[in-house]
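Here is a short briefing to read beside the structure. Keep the 3D view open and find each residue as it comes up.

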Amino acid sequence: MLGKETHKIFEQLVLVSQLGLTMVGCIGLGFAIGYYLDKWLGLRGIFLTLFILLGIVGGGFTVYRQIRELEAQNSDGSAEDDAP
Amino acid sequence: MEGIGKVSQWVFHLGGMRIELNSATLLMTWLIMGLILVFTVLATRRREMVPGPWQHLSELLVGWIKDLCVDALGEQWGKRYYPLICALFIFLLLCNWIGIIPYMDEPTKDLNTTLGLGIMGFFIAHGTAIWVKGPKTYITEYFKPIFFLMPLNVVGELAKVVSISFRLFGNIMGGSIIIIVVSYLAYGLILPPFLYAFFGLFVGTIQAFVFTVLTLVYIAVQIR
């Protein structure tokens with residue numbers, strides 16, 4: 001019904017709109033793991049700090065990887081378009 | 001206004017354990033599954049070369065999602081996964097639309113539904129990855145590009161579930177709260193029907209599509 005190019009644009013739009021939430025999701029997940037580990041072990045914020053930091057770095061890295069995937073998709077598409 | 005944050009539950013005890021079931025979510029989910037079954041029966045009851053309206057609608061929807069899957073996953077995996085993706089899209093679409101009917105609640109307004117679907121997508125994507133690449137290659141990919149980045153890769157994969165689930169839940173929950181607040185302030189005049197149309201139909205369709213495409217893309221990323 002819609003062309004391959006339109007489907008690709010949809011996919012990329014959806015992925016781009018998800019980048020910010022992925023970052024937030026990583027930090028939120030880090031927070032949750034750290035909070036419950038601290039609560040379980042009776043500590044006062046060590047794991048919370050560690051896992052929030054891990055979430056921030058992990059979020060940045062995941063967003064970077066997703067952008068690389070988008071770029072790779074684009075270059076694959078342009079290679080297909082250039083092919084005779 | 002008292003409807004905000006209200007969760008109707010069935011509570012019972014089983015072997016010393018307190019079990020709570022969100023009754024509205026369960027009932028609405030079963031209702032939607034029933035509606036999908038009715039739609040399926042209507043669409044496939046009398047299949048003809050010149051299709052009737054139900055057959056035409058289903059062919060249009062299924063054909064479009066099949067194309068989407070084949071484009072994202074390739075011919076072999078696209079054909080294998082399109083029934084799942086199609087079912088997911090239709091289910092989410094009806095879940096988000098059902099809130100426009102008075103006294104009906106969207107099951108996607110409950111985090112349990114969206115998180116459940118997100119976890120399902122996660123297991124499907126990673127199960128497929130293990131099947132396609134083999135367990136050894138699958139595990140070694142977590143240690144790329146450098147071995148100490150493994151925790152970051154794991155957190156990133158787990159965060160995908162959190163982010164897609166909370167996105168759908170937040171959008172639908174936020175929409176319903178706005179509708180309740182504005183209806184209360186405007187005494188149900190003029191604005192609420194437009195809000196229902198916007199949050200129920202428009203945002204509902206967009207979010208169902210986004211969730212479906214993200215699940216598809218996460219499977220595609222694992223296969224590639």
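Helix 6 and helix 7 of chain B are the elements that give two or more residues to its lining. Bear in mind that this is a predicted model.

- The lining is made up of G99(B), I100(B), E106(B), I172(B), G175(B), S176(B), I179(B), Y196(B), F199(B) and G200(B).
- Helix 6 of chain B gives the largest share of this lining, with 4 residues.
- By type, the lining of the second largest cavity splits into 5 nonpolar, 4 polar and 1 charged.

**The largest cavity**

- The count of cavities of 30 Å³ or more comes to 3.
- The largest cavity contains about 100 Å³ of space.
- Three elements of chain B give two or more residues to the lining of the largest cavity: helix 4 (111–133), helix 6 (150–185) and helix 7 (191–223).
- Which helix gives the largest share of the lining of the largest cavity? Helix 4 of chain B does, with 5 residues.
- Residues lining the largest cavity include G118(B), G121(B), F122(B), A125(B) and H126(B). Others in this lining include V161(B), I164(B), T215(B), Y218(B) and Q222(B).
- The lining of the largest cavity divides into 5 nonpolar, 5 polar and 2 charged residues.
- E157(B) and K160(B) also line the largest cavity.

**Salt bridges**

- Side chains of opposite charge can pair when their charged atoms come close.
- How many salt bridges are there over all chains? The count comes to 6.
- K160(B) and E157(B) meet through their side chains in a salt bridge, at 3.2 Å from N to O. They sit 3 residues apart in helix 6 of chain B, about one turn of the helix.
- Are K160(B) and E157(B) buried or exposed? K160(B) is buried, and so is E157(B).
- R65(A), E157(B) and K160(B) are joined into one network by salt bridges that share partners.
- K79(B) and E75(B) form a salt bridge at 3.0 Å, N to O. Both belong to helix 3 of chain B and lie 4 residues apart, about one turn of the helix.
- K79(B) has 42% relative accessibility, so it counts as partly exposed.
- E20(B) and R18(B) form a salt bridge at 2.8 Å, N to O.
- R18(B) counts as exposed because its relative accessibility is 52%. E20(B) counts as partly exposed, at 39% relative accessibility.

**A nonpolar patch on the surface**

- W10(B), F12(B), L14(B), L26(B), L27(B), W30(B) and M33(B) form a nonpolar patch on the surface. Together they have about 730 Å² of accessible area.
- Two elements of chain B, strand 1 (9–14) and helix 1 (23–44), each supply at least two residues of the patch.
- Which element gives the most to the nonpolar patch? Helix 1 of chain B does, with 4 residues.
- L27(B), one of the patch residues, lies in helix 1 of chain B.

**Backbone features in loops**

- The peptide bond from K144(B) to P145(B) is cis, with omega near -5 degrees.
- Where is P145(B) found? P145(B) is in the loop between helix 5 (135–140) and helix 6 of chain B.
- Y103(B) is not a glycine, yet it has a positive phi of about 70 degrees.
- The loop between helix 3 (75–97) and helix 4 of chain B holds Y103(B).
- Y103(B) has a relative accessible area of 86%, so it is exposed.

**A cysteine in chain A**

- C26(A) lies in helix 1 (residues 4–41) of chain A.
- Why does C26(A) count as buried? Its relative accessible area is 0%, and buried means under 20%.
- C26(A) and G42(A) are 16 residues apart along the chain, and their C-alpha atoms are separated by 24 Å.

Terms used:
Residues are numbered from 1 along each chain as its sequence is written. Chains are lettered from A and ligands numbered from 1 in the order in which they are written. This is a predicted model: local features need pLDDT of at least 70, side-chain atom pairs count only at pLDDT 80 or more; totals for chains, interfaces and linings use all residues. Side-chain values use heavy atoms; hydrogens and water are left out. Patches are made of residues with over 30% relative accessible area and no salt bridge: like charges are joined within 9 Å, nonpolar side chains (Val, Leu, Ile, Met, Phe, Trp, Tyr) within 5 Å. Accessible areas come from the Shrake-Rupley method with a 1.4 Å probe; for residues, only the protein chains shown count as cover. A salt bridge is a side-chain nitrogen of Lys or Arg within 4 Å of a carboxyl oxygen of Asp or Glu. On a 1 Å grid over the protein atoms alone, a cavity is a set of points where a 1.4 Å probe fits but cannot get out, and a pocket is an open set with protein on both sides within 12 Å along at least five of seven lines; lining residues have an atom within 4 Å of a point. Grid points are joined across faces, edges and corners, and a volume is the space filled by probe spheres set on the points. Ala, Val, Leu, Ile, Met, Phe, Trp, Tyr, Cys and Pro count as nonpolar, Asp, Glu, Lys and Arg as charged, and the others, Gly among them, as polar. Buried means under 20% relative accessible area, exposed over 50%, partly exposed in between (1.4 Å probe, protein chains only).
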